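Work through the exercises below with the sequence and the 3D view open. Try each task before reading its solution.

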Amino acid sequence: VVTLNGWTLPWRMNNGVKEFHLVAEPVVREFAPGFKGHLWGYNGQSPGPTIEVVEGDRVRIFVTNKLPEHTSIHWHGQRLPNGMDGVTGLNQPGIHPGKTFVYEFVARRPGTFMYHPHADEMTQMAMGMMGLWVTHPAPAAKKQQGLIEPVDRDFCFLLNAFDIEPGAATPKIMTMLDFNLWCWNSRVFPGIDTLNVRKGDRVRIRVGNLTMTNHPIHLHGHEFTVTGTDGGPVPKTARWPEVTTDVAVGQMRQIEFIADEEGDWAFHCHKSHHTMNAMGHGLPTMIGVDHSQLARQITRLVPDYMVMGERGMADMAEMTMPLPDNTLPMMSGDGPFGGVEMGGMFSVLKVRKDQKAGDYSDPGWYRHPPGEVAFEWTGALPEPARFAAETALPKKQTQQKPAAGPTVELRARKPSGHSGH
């Protein structure tokens with residue numbers, strides 16, 4: 001399994017048991033070049049490393065706590081003894097600072113799972129403590145044959161989110177929904193790895209969601225099927241083709257497809273504000289507002305003042321205004337034709353016929369064959385069909401002056417309170 005912007009935790013065999021060691025500790029994570037966060041994670045990174053085992057393995061995980069408070073680990077979705085489930089106070093005492101606990105159980109069923117604290121969960125998960133667990137099917141597991149098929153490329157990542165003020169580095173742990181950094185593996189575009197595959201490859205992508213909201217994950221250029229959840233493989237009779245799948249809070253979705261269309265294909269969350277960076281949410285809409293007179297007055301006092309938002313938000317991607325230290329532009333990233341104007345939960349699936357088997361390196365931008373790129377048209381065009389808007393006059397009808405007073409199409413009443421909401 002290839003973890004986007006991550007790695008797989010090494011293990012050692014000890015009398016037939018696979019042993020892993022996780023260290024819960026403060027970490028520094030680069031979200032994208034030029035912006036780092038002071039987070040909590042495992043083994044030097046948030047999210048922690050991916051744990052990979054095989055169905056039937058007996059697994060022993062040592063967990064050392066280097067945080068300033070107690071912690072635990074819950075093995076999200078696993079079948080295991082109750083005392084190994086990791087809920088502090090219910091299944092075990094907390095792991096206090098400086099202490100090491102051990103978890104041991106058999107990986108009973110294949111699939112994609114997650115791990116995260118179940119101690120001061122709001123704080124510790126808001127600080128970035130989480131990771132992925134992949135249990136591969138045993139070769140002799142007859143019941144899984146046909147449901148978990150071999151693939152050529154296998155990717156995984158976690159959806160997580162943070163609220164970090166521009167210029168700051170530590171997340172605000174009390175935020176419930178109004179996050180400003182929507183991440184894949186604690187990275188945001190343009191800092192997220194691309195998914196590089198060979199044309200004709202069967203591709204599997206495992207996506208786990210540990211944010212506070214759902215995410216419709218959308219792939220351009222291909223159809224896929226959801227072949228697995230954190231509950232296990234999906235029966236073939238229950239699958240259907242999709243281009244978007246919604247991943248709810250605490251869920252995992254495993255999608256598979258044949259990469260049979262060459263090109264650079266966008267892959268992203270389809271909530272538009274989740275493909276933005278450092279986004280302020282308390283701003284008025286300024287589209288259509290004439291700033292010219294006000295701008296002239298302000299520039300007398302502030303010569304570098306720039307008008308923003310009167311034509312849409314793309315202006316902000318074109319401006320080179322200075323930003324606070326340790327902050328990203330709201331929209332960024334460059335492609336072969338200019339600014340991509342994205343951020344947050346966005347990456348690119350790169351499909352190439354000459355990508356070698358097992359080669360995950362970035363092949364660069366796609367070189368389109370002649371005649372396969374949209375271009376500016378400068379020739380003549382017939383008059384396009386248009387919807388007759390409610391304010392438009394019927395065809396061949398002349399406007400007549402109203403008998404008395406202007407025509408009122410809409411009255412807006414300013415609300416005076418919250419009654420009736």
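This is a predicted model: local features need pLDDT of at least 70, side-chain atom pairs count only at pLDDT 80 or more; totals for chains, interfaces and linings use all residues.

Residues are numbered from 1 along each chain as its sequence is written, and side-chain values use heavy atoms, without hydrogens and water.

**Exercise 1.** Describe the make-up of the protein chain.

*Solution.* Start with secondary structure: the chain has three helices and 23 strands (DSSP runs, H or I of at least four residues for helices, E of at least two for strands). Next, burial: 43% of the 421 residues are buried (under 20% relative accessible area, 1.4 Å probe, protein chains only).

**Exercise 2.** Find the strand order of the open sheet that contains β5.

*Solution.* Strands pair if DSSP finds at least two bridges between them. The order is β5-β10-β9-β7, with mixed pairing. β5 (51-54) and β7 (74-76) are the edge strands, each pairing on one side only. From one strand to the next, the twist averages 25° (axes are lines fitted to C-alpha atoms; angles run from 0 to 180 degrees between N-to-C directions).

**Exercise 3.** Place L177 in the chain and decide: buried or exposed?

*Solution.* Locate L177 in the loop between β11 (153-162) and β12 (181-184). L177 counts as exposed because its relative accessibility is 57%, against a cut-off of over 50%.
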